[in-house]
Amino acid sequence: MSPVLWGADMKKWLLYSGISGHIHAVSACVFVVLALAAILARKGAQSHRVFGKLGVLAFVLCLLFAGILLAYSAIATGLGPDIAPTLRNSAVQVRENISVLLIFLVGGFYGIATGYRWSVLQQPRLDVDWALGILALIISLFCMALIPFAGFIYPIVKISLERNVGTPFTVVVLLAGLSCLFGYFGYDDLTTYYRNTAVPFGVRVEKHIYRIMVAVGLSFSAVSLIHLGRITAEGLGWLLYFAPPVITTLLTFYLRKKYLDGIDKKAAAQS
């Protein structure tokens with residue numbers, strides 16, 4: 001393996017990746033603040049809608065520059081022509097780590113797109129529903145296909161540069177959970193599309209909450225794995241795989257119950 005030589009291309013890479021990293025980090029922080037504001041705001045209120053729409057814009061910007069950073073990482077760590085891997089243990093683990101982050105990126109796009117769709121667009125059937133359902137199934141299959149490689153054939157051991165926080169077991173559990181989750185979403189999207197019947201308001205609310213919170217959870221997980229792995233005590237890195245999904249799941253069911261209970265009380269008062 002030959003090291004990457006310093007030159008004009010490397011300088012450009014550092015400049016562009018640095019700019020992309022700053023925009024990505026700022027937009028991610030803005031999204032987290034707006035998401036929390038939307039969660040705390042009264043559901044259905046004007047403030048909730050405003051925070052939600054601004055959060056969607058911030059998240060799309062975050063995803064765009066996350067994609068650019070992943071592309072730069074692939075080029076800089078051995079996936080580009082004539083460039084040797086320098087940041088991870090092997091080219092295989094480079095691909096596995098980037099694949100995990102790619103799942104977060106594409107899954108986040110799915111969550112924010114479908115969550116926004118069920119919140120704003122009232123039609124029971126749109127062509128985009130079919131496309132997003134297929135995307136969810138592709139994510140599910142990709143997670144399933146990655147499990148034997150990251151867990152057994154070429155066990156994944158790193159997700160950050162400074163500390164080993166990934167283990168084959170934690171990665172397999174995470175990928176298996178995501179595969180089941182997106183498999184369900186894909187099935188639900190396609191059955192709703194082909195059924196082509198009016199979707200009750202309460203069901204629309206559930207679809208919105210589940211999918212938006214998936215985007216929140218994946219962004220939470222990505223931040224934890226990439227940034228908190230550097231400061232996590234040795235032997236506790238597995239928490240970075242389990243804590244974000246567990247916290248997000250509990251918060252999701254709490255929000256669902258709280259909002260649906262509010263709808264029931266409002267309906268009972270009107271009757």
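Mentor: We shall take the overall fold, then the aromatic pairs, then a pocket. Please keep in mind that this is a predicted model.

Trainee: How many helices and strands are there in the chain?

Mentor: The chain has seven helices and zero strands. Read from the N terminus on, its elements run α-α-α-α-α-α-α.

Trainee: And what share of the residues counts as buried?

Mentor: Of the 271 residues, 43% count as buried. The chain exposes about 14,600 Å², and carbon and sulfur atoms supply 72% of that area.

Trainee: What about contacts between residues at least 6 apart in sequence?

Mentor: Among those contacts, 76% join residues at least 24 apart.

Trainee: Let us change topic. How many aromatic pairs are there?

Mentor: The count comes to eight aromatic pairs. One of them is formed by Tyr110 and Phe182, with 5.7 Å centre to centre and 70° between the planes, and it is edge-to-face.

Trainee: Which parts does that pair tie together?

Mentor: Tyr110 lies in helix α3 and Phe182 in helix α5, so the pair ties together parts that are 72 residues apart in sequence.

Trainee: Are those two buried or exposed?

Mentor: Both Tyr110 and Phe182 are buried. They also belong to one aromatic cluster, together with Tyr184 and Phe185.

Trainee: What about the rings of Phe169 and Phe242?

Mentor: Their centres are 6.5 Å apart and their planes lie at 55°, so this pair is tilted. The pair links distant parts of the chain, with Phe169 in helix α5 and Phe242 in helix α7, 73 residues apart.

Trainee: Why does Phe169 count as exposed?

Mentor: Phe169 counts as exposed because its relative accessibility is 56%, and exposed means over 50%. Phe242, at 25% relative accessibility, counts as partly exposed.

Trainee: Now the second largest pocket, please. How much space lies in it?

Mentor: About 1,100 Å³ of space lies in the second largest pocket. Its lining consists of 38 residues, and those nearest its centre are Lys43, Gly44, His48, His208 and Tyr259.

Trainee: Which helices supply that lining?

Mentor: Helices α1, α2, α3, α6 and α7 each supply at least two residues of the lining. Helix α6 gives the most, with eight residues.

Trainee: And what is the lining like by class?

Mentor: The lining of the second largest pocket has 22 nonpolar, nine polar and seven charged residues.

Notes. Residues numbered from 1 in each chain as written. Predicted model: local features only at pLDDT ≥ 70, side-chain atom pairs only at ≥ 80, totals over all residues. Heavy atoms only, no water. 1 Å grid on protein atoms, 1.4 Å probe; cavity = no way out; pocket = protein on both sides within 12 Å on 5 of 7 lines; lining within 4 Å. Points joined across faces, edges and corners; volume = space filled by probe spheres on them. Helix = DSSP H or I, 4+ residues; strand = E, 2+ residues; numbered from the N terminus. Nonpolar A, V, L, I, M, F, W, Y, C, P; charged D, E, K, R; others polar. Buried < 20%, exposed > 50% of the residue type's maximum accessible area, 1.4 Å probe, protein only. Contact = heavy atoms within 4.5 Å. Areas by Shrake-Rupley, 256 points an atom, 1.4 Å probe, with all protein chains shown as cover. Phe/Tyr/Trp six-rings, centres within 6.5 Å; stacked < 30°, edge-to-face > 60°.
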